[in-house]
Amino acid sequence: MKALIISIQDQIVTSFRIKQSIFFTVIFPVFLFVIFSLIWGVNNEEYSKFLLTGICAMTVVSDGVFAIGSVIPKYYSSGILKFIKVIPYSIITHIISLIISRVFFILVSFILLFICGYSFFGISFSIQEIISVFMGLILGLLEFSFLGLIIFYTNLKDSSNKSFGNILYFGLIFFSDTFYPITEINPFLGKFVEKSPITPLLEIFRYNYKGLLTLSIWTVVFIAVFYLIYKYKQVKRSF
């Protein structure tokens with residue numbers, strides 16, 4: 001436990017030194033919420049709340065895919081894994097500390113979003129809704145971390161994986177109900193949007209648990225696919 005706490009502290013301190021990481025996880029979501037709310041959400045608490053939960057989901061997806069999913073494969077390709085093996089705690093402890101540190105920064109972002117939403121746009125959340133948001137954070141981070149692992153572990157030496165990751169990420173965000181209710185605006189597109197892995201996460205963030213089973217299925221699928229890719233690469237290396 002002591003080793004885990006020390007590792008978490010180290011991950012948090014290290015992240016503070018990476019200004020880009022802090023900006024996109026903590027500052028950018030608040031900035032985006034304020035800008036979009038000033039354009040479309042003035043005197044419209046319902047949309048501002050819809051937007052706030054969408055940006056919360058966007059932050060989770062971004063951190064899952066890029067801050068966790070892309071980092072762990074880099075340990076293999078950059079040789080950091082060899083260094084981690086000689087430190088006084090296990091690789092599992094190191095990965096757990098990485099995930100917890102990201103949860104910390106996402107929670108900071110969420111708190112700033114809630115304060116901003118309440119102070120400037122009159123948005124309030126019930127205890128049940130706050131619990132739902134926290135549930136979405138944990139489940140969504142698990143789901144999209146494995147999606148990121150699939151993307152970046154498929155070919156560790158191929159830099160185009162990052163470009164594909166960006167395309168997939170922005171496709172998920174803009175081809176969904178993240179910023180606007182596309183399923184209501186265009187029912188035809190809505191049929192495809194409902195199949196997206198981000199849709200059940202958005203439903204949970206918006207205190208709608210009907211997407212819980214779908215999100216669980218997506219998570220299991222991503223875990224299974226990553227496991228198969230990992231085993232295939234292990235077998236390939238043995239030859």
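Q: How do you know which residues and atoms the values refer to?
A: Residues are numbered from 1 along each chain as its sequence is written, and side-chain values use heavy atoms, with hydrogens and water left out. Because the model is predicted, local features need pLDDT of at least 70 and side-chain atom pairs count only at pLDDT 80 or more, while totals for chains, interfaces and linings use all residues.

Q: What makes up the secondary structure of the protein?
A: Helices (H or I, at least four residues) and strands (E, at least two) are DSSP runs, numbered from the N terminus; by that rule the protein comes to twelve helices and zero strands, and its pattern along the sequence is α-α-α-α-α-α-α-α-α-α-α-α.

Q: Why are α2 and α3 called roughly antiparallel?
A: Helix α2 (residues 19-40) and helix α3 (residues 45-68) pack at an angle of about 155 degrees, their axes being 10 Å apart. Axes are lines fitted to C-alpha atoms, for helices over the stretch in contact, and angles run from 0 to 180 degrees between N-to-C directions. Angles under 35 degrees count as roughly parallel, over 145 as roughly antiparallel, 65 to 115 as roughly perpendicular and the rest as oblique, so α2 and α3 are roughly antiparallel to each other.

Q: Which residues of α2 and α3 meet?
A: With contact meaning heavy atoms within 4.5 Å, the residues of α2 that meet α3 include Phe 28, Leu 32, Phe 36 and Trp 40, and those on the α3 side include Leu 51, Ile 55, Met 58 and Asp 63. By class, this contact has eleven nonpolar, four polar and one charged residues, where Ala, Val, Leu, Ile, Met, Phe, Trp, Tyr, Cys and Pro count as nonpolar, Asp, Glu, Lys and Arg as charged, and the others, Gly among them, as polar.

Q: What makes the pairing of Arg 102 and Asp 63 a salt bridge?
A: A salt bridge is a side-chain nitrogen of Lys or Arg within 4 Å of a carboxyl oxygen of Asp or Glu, and the side chains of Arg 102 and Asp 63 meet at 2.8 Å, N to O. This pair links distant parts of the chain, with Arg 102 in helix α6 (residues 91-121) and Asp 63 in helix α3, 39 residues apart.

Q: How many salt bridges does the structure hold?
A: The structure holds two salt bridges, and one of them joins Glu 129 to Lys 49, whose closest N and O atoms are 3.0 Å apart. Here too the pair links distant parts of the chain, since Glu 129 is in helix α7 (residues 127-153) and Lys 49 in helix α3, 80 residues apart.

Q: Why is Glu 129 called buried, and why is Lys 49 called partly exposed?
A: Buried means under 20% relative accessible area, exposed over 50%, and partly exposed in between (1.4 Å probe, protein chains only). Glu 129 has a relative accessible area of 18% and is therefore buried, whereas Lys 49, at 22%, counts as partly exposed.

Q: How do you know whether Ser 196 is buried or exposed?
A: Ser 196, in the loop between α10 (187-193) and α11, has 9% relative accessibility and so counts as buried. Not counting residues up to four places away in sequence, Ser 196 touches Leu 172 and Trp 218.

Q: Why is Tyr 207 called partly exposed?
A: Tyr 207 has a relative accessible area of 41% and is therefore partly exposed. Tyr 207 lies in the loop between α11 (199-205) and α12 (212-238), and has a positive phi of about 60 degrees although it is not a glycine.
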